[in-house]
Amino acid sequence: MRKSMIVEEMKEVKTDYQIIWNECLKIVKANISKEHFETWFRPIEPVSIDQQKLTIQVPSMFYYEFIEGNFWQLLKTAIHRVMGPDGKLAYSVVVQNGKTNKDKKTLTLPHSSTGVSQNQSALPPMLSDPMDENKQGRQIVNPFVIPGIRPLNINSRLNKELNFDNFIEGECNRLARAAGFAVAKDPGKTAFNPLFIYSDAGLGKTHLLHAIGLETKANFPEKTVLYVDAETFLQQYVEAVKSNNVNDFVHFYQVIDVLLIDDIQFLSGKTKTQEVFFHLFNFFQRENRQLVITSDKAPSAIVGFEQRLVSRFKWGLSADLQIPDKETRVRIIRSKLVNNGFAEIDEEVINYLAYRIVTNVREIEGALISILAQSSLNNQTITVDLAKQMIDKFVQNTIHEISIDYIQKVVCDYFNIPVYQMLSNSRKGEIVQVRHTSMYFAKKYTNLSLAQIGARSGDKDHATVLHACRSVENQKSTNAKYAADLNNIDKILKNA
């Protein structure tokens with residue numbers, strides 16, 4: 001009698017939904033990475049069992065679609081092993097109807113027998129990919145993983161033309177290139193995490209970022225690599241907030257193994273976006289994921305960012321890209337010509353171009369395109385005379401970018417005030433005037449928003465910038481000497 005009671009008690013315990021789910025989790029955990037288990041399965045809670053159907057609760061529709069799209073076969077196998085061939089699974093999905101917890105409700109959905117891997121709608125729209133990358137590459141088979149588990153289908157958004165083979169090395173970029181190559185050989189495991197690459201525009205930051213991503217994919221086909229510019233990241237976060245899908249946004253980025261984020265300076269002054277990026281940064285560090293970041297400034301000079309985030313930018317290696325010297329410019333020009341089918345160009349032409357264009361790689365490429373187009377359309381041989389003719393037009397018509405840093409330096413030099421004083425909170429009349437003047441010219445000559453100008457002018461807000469511009473206009477009409485000063489500064493900037 002006692003033995004029979006014990007058997008019955010054991011049967012009751014065996015059917016307890018918590019015990020059953022824990023047994024399923026053991027199988028799941030043995031067949032996926034620790035990171036995926038913690039991200040996608042740890043938040044799931046079993047809620048009930050009705051005969052042979054186990055119901056589990058997931059935090060959102062994104063979770064349901066993602067798990068069904070990527071882990072349905074594994075879950076099916078686990079359920080059948082624990083509950084038998086008649087075992088079934090259902091989801092209780094938490095749905096957010098409003099902005100508060102009171103607006104939440106649950107929706108019961110079935111476990112698919114075929115999965116929903118074709119449904120990519122759960123991914124941020126800029127990152128979803130209708131093509132399965134794995135169909136174009138080789139499959140990595142792990143004999144210890146249950147068959148049928150599909151790898152994550154995320155488009156890396158990498159440009160195959162921007163690789164290490166055509167990234168010309170020189171003194172100007174040697175450190176950054178070597179560090180990037182080392183990261184691609186062992187992502188997340190080197191001291192270069194994060195790798196922070198900075199330079200002025202047109203010197204190869206984006207090219208190097210793509211090269212690191214492509215090399216990583218070549219070395220580790222199983223890793224999820226993603227390139228995204230900061231403006232896209234910001235746009236995605238804003239859309240996630242509007243649609244109450246911030247958790248889905250975060251969960252998506254937590255899947256990435258190597259995140260390449262371009263032009264981080266565009267998050268300047270964006271407090272909420274910086275906060276979510278801060279937590280993602282910590283997650284990447286904790287899980288030994290790789291971060292590579294580019295900016296137009298070194299971490300110590302970047303403004304409009306929370307100090308805790310700036311300090312993290314300094315944790316790894318900061319490497320700059322400088323203006324290429326003449327030898328590097330020659331190699332860049334020769335490489336571009338060969339890639340475009342013009343290998344037999346006179347060395348005199350190449351040297352002329354290298355001497356004539358000294359600003360950045362982007363202008364070198366633009367000048368070459370002009371020359372090659374002229375040569376092809378008119379069937380002309382590329383000579384020094386043709387190069388001179390086209391380069392003179394190109395240089396004359398090229399609009400040089402005037403950065404806010406250059407404007408601040410010109411204005412401060414003109415009034416003999418150190419830049420650091422202009423960026424301080426000083427309210428001395430002469431310093432306020434210099435600050436207002438630099439804001440005025442920044443609004444005139446850059447594409448920065450008022451908020452961005454303010455953030456980079458001593459952490460001021462957009463209203464302060466607007467007031468500064470109005471103040472300058474008023475003084476210009478009433479103070480002849482100040483109007484002359486503005487005219488002189490304007491000439492200096494126009495001749496930059």
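Select R456. At 12% relative accessibility, R456 counts as buried (buried is under 20% relative accessible area, exposed is over 50%, and partly exposed lies in between, with a 1.4 Å probe and protein chains only). R456 sits in the loop between α19 (450-455) and α20 (462-478). Helices here are DSSP runs of H or I with at least four residues, strands are runs of E with at least two, and both are numbered from the N terminus. Now show the surroundings of R456. Leaving aside neighbours within four places in sequence, R456 is in contact with D296, K297, V303, I404, D405, Q408, L423 and L448. Contact means heavy atoms within 4.5 Å.

A note on the model. This is a predicted model, in which local features need pLDDT of at least 70 and side-chain atom pairs count only at pLDDT 80 or more, while totals for chains, interfaces and linings use all residues. Residues are numbered from 1 along each chain as its sequence is written, and side-chain values use heavy atoms, with hydrogens and water left out.

Zoom out to the whole chain. The chain holds 21 helices and 9 strands. Of its 496 residues, 47% are buried. Among contacts with a separation of 6 or more, 73% join residues 24 or more positions apart.

Next, select α16 (residues 404-415) and α21 (residues 480-494). Their axes come within 11 Å and cross at roughly 135 degrees. Axes are lines fitted to C-alpha atoms, for helices over the stretch in contact, and angles run from 0 to 180 degrees between N-to-C directions. The two helices are therefore oblique to each other. Angles under 35 degrees count as roughly parallel, over 145 as roughly antiparallel, 65 to 115 as roughly perpendicular, and the rest as oblique. The crossing of α16 and α21 is right-handed, that is, the near helix is turned clockwise from the far one by less than a right angle. Show side chains. From α16, Y406, I407, V410, V411, Y414 and F415 meet Y482, D485, N488, I489, I492 and L493 of α21. By class, this contact has 10 nonpolar, 1 polar and 1 charged residues. Nonpolar covers Ala, Val, Leu, Ile, Met, Phe, Trp, Tyr, Cys and Pro; charged covers Asp, Glu, Lys and Arg; the others, Gly among them, are polar.

Move to α12 (residues 326-339) and α14 (residues 361-378). They pack at an angle of about 40 degrees, with axes 11 Å apart. That makes α12 oblique to α14. Their crossing is right-handed. On the α12 side, select R329, I332, I333, K336 and L337; they meet V361, I364, E365, L368 and L372 of α14. The contact of α12 with α14 has 7 nonpolar, no polar and 3 charged residues.

Stay on α14. Its buried residues include V361, E363, G366, A367 and S375. N379 follows α14 with a positive phi, near 55 degrees.

Now select α10 (residues 271-286). Its 16 residues should span 22 Å at 1.5 Å a residue, and its end C-alpha atoms are 23 Å apart, which agrees. The expected span is 1.5 Å times one less than the number of residues. Colour the buried residues of α10: T273, Q274, V276, F277, F278, L280, F281, F283 and F284. They pack against α3 (34-41), α8 (230-242), α9 (246-254), β7 (258-262), β8 (290-295) and α11 (307-313). Just after α10, N288 takes a positive phi of about 55 degrees.

Last stop: K76, in helix α5 (residues 72-83). At 29% relative accessibility, K76 counts as partly exposed. Draw a distance to K88: the C-alpha atoms are 8.0 Å apart, across 12 residues in sequence.
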